[in-house]
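Here are my notes on the model, written as numbered points. Have the structure open while you read.

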Amino acid sequence: MLEESVGLAAVTILAILEQAYFCLQVIQARRKFGVPPPATSGPAEFQRVFRAQANSSEYFPIFISALWLSGIFFSQGLSSACGLLYLGGRLAYFRGYSQSPEQRLGPLYFSSQVLWLLIGSSGLGVLLAFLRLYLAPGLLGGFGSALGLD
């Protein structure tokens, strides 16, 4: 199991590092704009950095859950690739939002589409596994094999 999950684990580590980077950017913005903790309001420049980090943190559990479920039940390769695309989109979102609210939209839409792909492949993978195990073991064998889900 460990070797089979190395792609997912690598993407997870990158995701954790990205979250840490976003947190460090908020600390830097606090210093730059004189906003001491626990304050969350200040100049617009600070608020954009803060919101970009907070929004990314809000989506993090959804992303990690979908990444692993999709990787385990659907395809590790596809899930890992989608995870990398999502992280790239989130980085572009963070950088864009830090500059202006309008610059966040393209990367936000892109990363949302990738996230929905992960959620959809998670659901499909879990559904097929459930059906294969409990409802129709022989019926779905060919379909699951065609998708490489055996």
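**Notes on the helices and the spaces between them**

1. Let's begin with residues 108-131: the span is 100% helix and 0% strand, and its end C-alpha atoms lie 34 Å apart. Helices here are DSSP runs of H or I with at least four residues, strands are runs of E with at least two, and both are numbered from the N terminus. Bear in mind that this is a predicted model, where local features need pLDDT of at least 70, side-chain atom pairs count only at pLDDT 80 or more, and totals for chains, interfaces and linings use all residues. Residues are numbered from 1 along each chain as its sequence is written, and side-chain values use heavy atoms, with hydrogens and water left out.

2. That span also turns up in the UniProt record, an unreviewed entry, which places "transmembrane region" at residues 6-24, 59-88 and 108-131. The positions are given in the numbering used here, feature names are shortened, and annotations may be inferred rather than shown by experiment. Residues 6-24 are likewise 100% helix and 0% strand, with end C-alpha atoms 27 Å apart.

3. How do α1 and α3 pack? Their angle is about 10° and their axes are 9 Å apart (axes are lines fitted to C-alpha atoms, for helices over the stretch in contact, and angles run from 0 to 180 degrees between N-to-C directions). The two are therefore roughly parallel, a label for angles under 35 degrees; over 145 is roughly antiparallel, 65 to 115 roughly perpendicular and the rest oblique. For the classes, Ala, Val, Leu, Ile, Met, Phe, Trp, Tyr, Cys and Pro count as nonpolar, Asp, Glu, Lys and Arg as charged, and the others, Gly among them, as polar.

4. Now α2 against α3: the angle is about 175° and the axes are 10 Å apart. That makes the pair roughly antiparallel. The contact divides into 10 nonpolar, 11 polar and three charged residues. Residues to click on include R48, S56, Y59 and F63 in α2, plus Y86, L87, R90 and S98 in α3.

5. The largest share, four residues, comes from α2. On a 1 Å grid over the protein atoms alone, a cavity is a set of points where a 1.4 Å probe fits but cannot get out, while a pocket is an open set with protein on both sides within 12 Å along at least five of seven lines; lining residues have an atom within 4 Å of a point. Points are joined across faces, edges and corners, and a volume is the space filled by probe spheres set on them.

6. The largest pocket holds about 210 Å³. Of its 13 lining residues, A29, K32, F33, V49 and S98 are the closest to the centre. α1 gives the most, six residues, and the lining has five nonpolar, four polar and four charged residues.

7. Lastly, a backbone detail. Most peptide bonds are trans. The one from P37 to P38 is cis, with omega near 5°, and P38 lies in the loop between α1 and α2.

Conventions
Contact means heavy atoms within 4.5 Å.
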